[in-house]
Amino acid sequence: MSVARLGYLGFKASDPDAWNSFANNTLGMMSAAKGKDSDRYRIDSRAWRLAVHQGEQDDIGYAGFEVADAAAFSETAERLRQMGCDVMDESDDLKADRGVIGLVSTIDPSGVRIEIYYGGTELYELPFVSPVGVSSFMTGDQGLGHFVLATPYLEQSMKFYVEGLGMELSDIIDWDLGPGGKHKLHFFNCNRRHHTLALLPVPALPPKLLHHFMLEVGSLDDVGRANDRMERDSRIMITFGRHTNDHMCSFYGVTPSGFAVEVGYAPRDVDRTWSVVRYDSISMWGHKFIPPE
Ligand SMILES: [Fe+2]
């Protein structure tokens, strides 16, 4: 049994105020009630999807994977324990802070805190309204979106995410970075979203594990307007383009923490007929790198 979806992300950021402006005014998220030691943002009916904690790392702090119910929760925790992972039963305080019914945590092979939970908080009584008019963020059964980690521990990470969390390999892209060599990007699904996680193998543990996270928006106009806002603020990192594997039409902007955010629309789903394939290019067209100023 697989985890069902990515439920939330927590970042450690050196400038939470910059994030507050970026999340609201650039990405179009909505400020939510604060966590115990975090600013929080909504993109849908859930009480929160992104938490920003003060921290010098400017990197991912944790990822929360949602499972359907108590049975799936116990089964996943047990499977991780049998693999030799140190799985912590989290306190009532932390469960209350995350707004969940059941919560355990463990550490992935690269050192990323992974939380497994069920019973997140829905907030239909307080509708999500984007401050900059994003029509919607596509979440639901596909969850928050996806994130990409750079890691020197590909084999161990695959074991953790595939055997431990129950994810499946979608495909592999040999990403040619020219003088930087080729990177075998591995993409993993846990629902019909083409990938909820991707792993970017690198020779040594990098200063930042998080390469980017992705938010899917409800229309092409939402992507275009987000692109305009990032261009206005000189934040474009990779131009508008379409990926070969998930067919997402997207662009990438730099966040206040230095890692990127991808804003995308119109991906294709994985289904029961899906077979693992490989690609030589990350994009059909577009996605040109803009060197930092
Ligand atoms: Fe992406």
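The legends below describe close-up views of a predicted model.

**View 1. Serine 257 in its loop.** Serine 257 sits in the loop that connects β15 (249–254) with β16 (260–265), and at a relative accessible area of 4% this residue is buried. When neighbours within four places in sequence are set aside, the contacts of serine 257 are Lys12, Ala13, Trp19, Asp58 and Lys208.

**View 2. The salt bridge of aspartate 44 and arginine 49.** Among the 21 salt bridges that the structure holds is the one between aspartate 44 and arginine 49, whose closest N and O atoms are 2.8 Å apart. Aspartate 44 is buried, with a relative accessible area of 9%, and arginine 49 also counts as buried, at 4% relative accessibility.

View 3. Arginine 79 and glutamate 75, both in helix α2 (residues 70–82), are 4 residues apart, about one turn of the helix, and their side chains meet in a salt bridge with an N to O distance of 3.4 Å. Arginine 79 has a relative accessible area of 19% and is therefore buried, the limit being under 20%, whereas glutamate 75 is partly exposed at 34%.

**View 4. The salt bridge of aspartate 174 and arginine 278.** The side chains of aspartate 174 and arginine 278 meet in a salt bridge at 2.8 Å, N to O. This pair links distant parts of the chain, since aspartate 174 belongs to strand β10 (residues 168–176) and arginine 278 to strand β17 (residues 277–279), 104 residues apart. Aspartate 174 counts as buried at 6% relative accessibility, while arginine 278, with a relative accessible area of 47%, is partly exposed.

Conventions:
Residues are numbered from 1 along each chain as its sequence is written. This is a predicted model: local features need pLDDT of at least 70, side-chain atom pairs count only at pLDDT 80 or more; totals for chains, interfaces and linings use all residues. Side-chain values use heavy atoms; hydrogens and water are left out. Helices (H or I, at least four residues) and strands (E, at least two) are DSSP runs, numbered from the N terminus. Buried means under 20% relative accessible area, exposed over 50%, partly exposed in between (1.4 Å probe, protein chains only). Contact means heavy atoms within 4.5 Å. A salt bridge is a side-chain nitrogen of Lys or Arg within 4 Å of a carboxyl oxygen of Asp or Glu.
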